[in-house]
Amino acid sequence: MNLVNQILYPLITLFILLSILGYGLIFDSIFKIKIKILNLKNIVFIKGLIFSGSICILVNIFFPISNNISICIILFGIGIYFYYFLRDIDKKKEYFFLIFVIITSFIYSFYAGVNDDFDYHIKIIDNFKNSNLFAITHESRISYNPHWLFLNSIFTLNYLSSSLFAISAILYSILIYDFYKVFNETFKNKLAYTGIISFLTL
């Protein structure tokens, strides 16, 4: 990541995080599906990915997931998040969670580097950003690929390369946060075995 991307990365990560959480919260409201397992954040985050991804699959039938569409998706999700934040969310705990995830995501992204498949992952993301589903060129290795890369195309902006790392880093960071939360809660409730497993997983 260059200097500009490094400086903007925490802000980009925050916007993407809030947006996906917003979609997770509205998913609960629409479908009345609430999985209360110690209020784990990753469950809300994953539901947000499922909901935003489903919407964008429908969009991508007709339009490419361009930067403008990505910005609209992100901003709409942020608006939903703040609607619930002002109504129901425990502000103090939420601030701690957001700061933890942003710092951990930055560290993770800064030291993670890129893998050997990065070049063709970029091509797949570019396919979704530049073409609708029926206009994608069918070539070896870059025609049909995991939904995860489609999700990356939704929350990636071409002119901010650091956004490529955002959702992977956020998912990893929330996982650490949730395991730490389980570790604390289980020891408070004298469920030492579960707490030890959470600690070893960390």
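This is a predicted model: local features need pLDDT of at least 70, side-chain atom pairs count only at pLDDT 80 or more; totals for chains, interfaces and linings use all residues.
Q: OK, aromatics next. How many aromatic pairs does the structure hold?
A: The structure holds 17 aromatic pairs. One of them joins F82 and F85, whose ring centres are 6.1 Å apart with the planes at 85 degrees, so this pair is edge-to-face.

Q: Why is that pair edge-to-face?
A: Because planes over 60 degrees apart count as edge-to-face, and the planes of F82 and F85 stand at 85 degrees.

Q: Where do F82 and F85 lie?
A: Both lie in helix α3, which covers residues 67-87, and they are three residues apart, or about one turn of the helix.

Q: What lies over the face of F85?
A: That is K91, which lies over the face of the F85 ring at 5.1 Å from the ring centre.

Q: What about F97 and Y177, how are their rings arranged?
A: F97 and Y177 form an aromatic pair that is edge-to-face, with 4.9 Å from centre to centre and 65 degrees between the planes. This pair links distant parts of the chain, since F97 is in helix α4 (residues 91-112) and Y177 is in helix α7 (residues 166-188), 80 residues apart.

Q: How accessible are F97 and Y177?
A: F97 is buried, with a relative accessible area of 0%, and Y177 is buried as well, with a value of 10%.

Q: Which residue lies over the face of F97?
A: K41 lies over the face of F97, and the distance given from the ring centre is 4.8 Å. K41 also meets E94 in a salt bridge between their side chains, at 2.6 Å from N to O.

Q: Where are E94 and K41 in the chain?
A: E94 is in helix α4 and K41 is in helix α2, so far as the sequence goes 53 residues apart, and the pair links distant parts of the chain. Both E94 and K41 are buried.

Q: How many salt bridges does the count come to?
A: The count comes to two salt bridges. Besides E94 with K41, K47 forms a salt bridge with D28, where the closest N and O atoms are 2.5 Å apart.

Q: Which parts does the K47 and D28 pair tie together?
A: K47 lies in helix α2 (residues 41-62) and D28 lies in helix α1, so the pair ties together parts that are 19 residues apart in sequence. K47 and D28 are both buried.

Q: Back to rings for a second, which residues do ring pairs link into a cluster?
A: Ring pairs link Y23, F27, F31, F51 and F76 into a cluster.

Q: Now the surface. What makes the nonpolar surface patch?
A: I7, L8, L11 and F15 make a nonpolar surface patch of about 360 Å². I7 is found in helix α1, residues 3-31, and I7 is exposed, with a relative accessible area of 59%.

Q: Cysteines: how many disulfides does the structure hold?
A: The structure holds zero disulfides.

Q: So are C56 and C72 buried or exposed?
A: C56 counts as buried, at 0% relative accessibility, whereas C72 is exposed, with a relative accessible area of 53%.

How values were computed:
Residues are numbered from 1 along each chain as its sequence is written. Side-chain values use heavy atoms; hydrogens and water are left out. Rings of Phe, Tyr and Trp (its six-membered ring) pair if their centres lie within 6.5 Å; planes under 30 degrees apart count as stacked, over 60 as edge-to-face and the rest as tilted. Helices (H or I, at least four residues) and strands (E, at least two) are DSSP runs, numbered from the N terminus. Buried means under 20% relative accessible area, exposed over 50%, partly exposed in between (1.4 Å probe, protein chains only). A charge sits over a ring if NZ of Lys or CZ of Arg is within 6 Å of the ring centre and within 35 degrees of the ring normal. Patches are made of residues with over 30% relative accessible area and no salt bridge: like charges are joined within 9 Å, nonpolar side chains (Val, Leu, Ile, Met, Phe, Trp, Tyr) within 5 Å. Accessible areas come from the Shrake-Rupley method with a 1.4 Å probe; for residues, only the protein chains shown count as cover. A salt bridge is a side-chain nitrogen of Lys or Arg within 4 Å of a carboxyl oxygen of Asp or Glu. A disulfide is a pair of cysteine sulfur atoms within 2.5 Å.
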